[in-house]
Amino acid sequence: MTTTTSAVPYRRPGLRALRLFGQGPLFTVSVAVLAALVLVALLAPVLAPYDPEALDLSASLAGTTGDHLLGTDQSGRDILSRLIHGARTGLLGPLLVVAVSTLLGTLLGVVAAWRGGWADTVLSRSMDLVFAIPGLLLAILLVSVVGSGLTAPVIAMSVAYTPYVGRLVRGIARQEKARPYIEAYRVQGWSGWTVCVRHLLPNIAPTVFAQSAMNFGYALMDLAALSFLGFGVQPPAADWGAMINEGQAAVLQGAMLPALAPSACIVLAVVAFGIVGEGLADRIAKRER
Amino acid sequence: MTRYLVGRFLGLAAVLFVTSLVVFGSVHLAPGDPVSFLLHGRPATPEAVAALRAEHHLDDPLATQYLKWLGGVLSGDFGRSAQYHQDVSALIGSRLTGTALLVGYAAVLVAVLGVTAGVLAALRPGLLDRMVLVGTGVATATPSFVTAIALVSLFSVQLGWFPGPGGGTAEDLSGRLHQLTLPAVALALSFAGLLARVTRSAMLDELGRDHVEVARARGVAGPAVVRRHVLRNALGPVVTVGGTMLAGLLISTSIVETAFDVPGLGSLLVQSVTAKDFAVVQAITLLSVAAFVLVNLVVDLLAPLIDPRLSLGEGSS
């Protein structure tokens, strides 16, 4: 339970349960799933059999047929095409969140560890502060000010995820800084900046990367939740969370696929990111030992 | 010890102060004039605009505005809801029971399901253990709104055991609890999965300890060893993690309440964002953060009472 200061990435209570599956063949399967997801998102216009926003009210809630492999939703839109296009916003949002929070967190963490003293105190306390405020509430507040869409949730989640990376980086950067090789470079007259960028960062990068893979899964889940609440990408654009929201009414009429198909996509993506992140973190922890 | 306590309370004060600044400042963050943001396209007479300016003290300097707003908040005055034409504090009071019942119900489920599954998995290695591991793995990776959809389609549409979303509110408590069963399960499941994992590993840690071996060798009966020597010692991390989950439940409840149309604070928050009813959004955000931080603090302070081996300030980074 007290692994917060070790070189192992900070694990938010949640996907930690996937840790057990991080070693075996499931790791490879998960990497393949993620690669497939990225390909699907990139090639969406080519792969999707229909226009994801094309209405066909005569084909409302058509079941699985040869024409529509996963059936249609209430407005007669092809569910498979919407899932394929939904992978784009589904991955783009978390990608932005992870990119911003990783950059910002690494910067803050390294500066805090390298400078020490009051800079460390100020940065660490600020990160603790942001850490204490739930990201979901921050996002809801921001949406209420600037309106729904991808922007407000992504900004709020980036802010909320920065301390996860920042605390981790601060911890491992402090350990690295204490190692003799850093001192050796300093004695040779390299500037602090050069030593950080050329030598310290490459050494902590794998651990940060493992944390980012895990954060990707969490961010995907959080952004999908916001989308489900109606605060993300607005209909008719295809988005997994929004599709579940729209599919709720169909569920009450006995049609499961409009809501269950995007649900399955979200769970699959989250599980795959969790397994890959946990697997990487364990590999790094083993190598360190 | 005193230093630790003072530090924690200062931290709490800092979080609340910054949150209040963010919540207050967000009106001014909005593009355009605060009045047009607060009205949000609703038609208003010049008198109404003047009333709004007076209510939000918009003609005062920013610092004075903040202090007046904060003074109101501290005395329970969160302004008026534009959507319901009612005082926000009264509105929140009327929705509080829904959320309290749901979160309480879910917390009981988390504790019962999580601890039972964890204890069983630790005591019965093999098939049962594997099943619990896979089940909890899936449960933690499934967002609550996905669980909600699955539960509705199975238990209210197919089997008809529980009412689906939007069936009105039952009068008596037992009817209310029956209605809240599916929402509570949807809210509890991923948290229960994690608590089961924590319970399992804490139990396994204790089972391998010397004192358990000694108790067994002394001839203490098996169930008594588990109860008095294993479970009791494993309770520390279980209670700490379980306590912080209560804070998590308070936040996730808005998603589940929306999915099931439960009249509570969370669904009110979501509706108010959609309806641009900003006073309500401000009030619920502020109260939720306060509740979240307070619960976490209380858990950290109570943990050493449950497990005296933990001392205050240890492991709370």
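Mentor: An unreviewed UniProt entry annotates residues 91–277 of chain A as "domain: ABC transmembrane type-1". UniProt positions are given here in the numbering of this document, feature names are shortened, and annotations may be inferred rather than shown by experiment. In this predicted model, local features need pLDDT of at least 70, side-chain atom pairs count only at pLDDT 80 or more, and totals for chains, interfaces and linings use all residues. Residues are numbered from 1 along each chain as its sequence is written, while chains are lettered from A and ligands numbered from 1 in the order in which they are written.

Trainee: What share of residues 91–277 of chain A is helix, and what share is strand?

Mentor: Helices (H or I, at least four residues) and strands (E, at least two) are DSSP runs, numbered from the N terminus. Residues 91–277 of chain A are 85% helix and 0% strand, and the end C-alpha atoms of the span lie 16 Å apart. Chain A as a whole has 10 helices and 0 strands.

Trainee: Which residues of chain A does the record annotate as "transmembrane region"?

Mentor: The unreviewed UniProt entry gives 26–48, 91–114, 126–146, 216–235 and 255–281 of chain A. Residues 126–146 of chain A are 90% helix, with end C-alpha atoms 25 Å apart. For residues 255–281 of chain A, the helix share is 93% and the end C-alpha atoms lie 40 Å apart.

Trainee: How much of chain A counts as buried?

Mentor: Burial is a count of neighbours: a residue is buried if 20 or more other C-beta atoms lie within 10 Å of its own, exposed if 12 or fewer, and partly exposed in between, with C-beta atoms placed from the backbone. Of the 289 residues of chain A, 50% are buried. A:Lys286, in helix α10 of chain A, is exposed because it has 9 C-beta neighbours inside 10 Å.

Trainee: How does one describe the crossing of helices α1 and α3 of chain A?

Mentor: Axes are lines fitted to C-alpha atoms, for helices over the stretch in contact, and angles run from 0 to 180 degrees between N-to-C directions. Angles under 35 degrees count as roughly parallel, over 145 as roughly antiparallel, 65 to 115 as roughly perpendicular and the rest as oblique. The axes of α1 (residues 25–42) and α3 (residues 79–115) of chain A come within 8 Å and cross at roughly 110°, so α1(A) is roughly perpendicular to α3(A).

Trainee: Which residues of α1(A) and α3(A) meet?

Mentor: Two residues are in contact if their C-beta atoms, placed from the backbone, lie within 7 Å. A:Leu37, A:Val38, A:Val40 and A:Ala41 of α1(A) meet A:Ile84, A:Ala87, A:Arg88 and A:Leu91 of α3(A). As to classes, Ala, Val, Leu, Ile, Met, Phe, Trp, Tyr, Cys and Pro count as nonpolar, Asp, Glu, Lys and Arg as charged, and the others, Gly among them, as polar. This contact of α1(A) with α3(A) has 7 nonpolar, no polar and 1 charged residues.

Trainee: How many residues of chain A and chain B are in contact?

Mentor: Here 44 residues of chain A touch 43 residues of chain B. On the side of chain A, α4 (117–132), α5 (135–146), α8 (192–228), α9 (240–252) and α10 (257–288) each supply at least two residues. That side of chain A divides into 34 nonpolar, 9 polar and 1 charged residues.

Trainee: Where are the domains of chain B?

Mentor: Domain bounds come from an automatic or database domain assignment. Chain B has domain 1 (1–75) and domain 2 (96–310), whose centres, taken over C-alpha atoms, are 34 Å apart. Domain 1 of chain B gives 11 residues to the contact and domain 2 of chain B gives 9. Helix α1 (residues 2–29) of chain B supplies the largest share of the domain 1 side, 8 residues.
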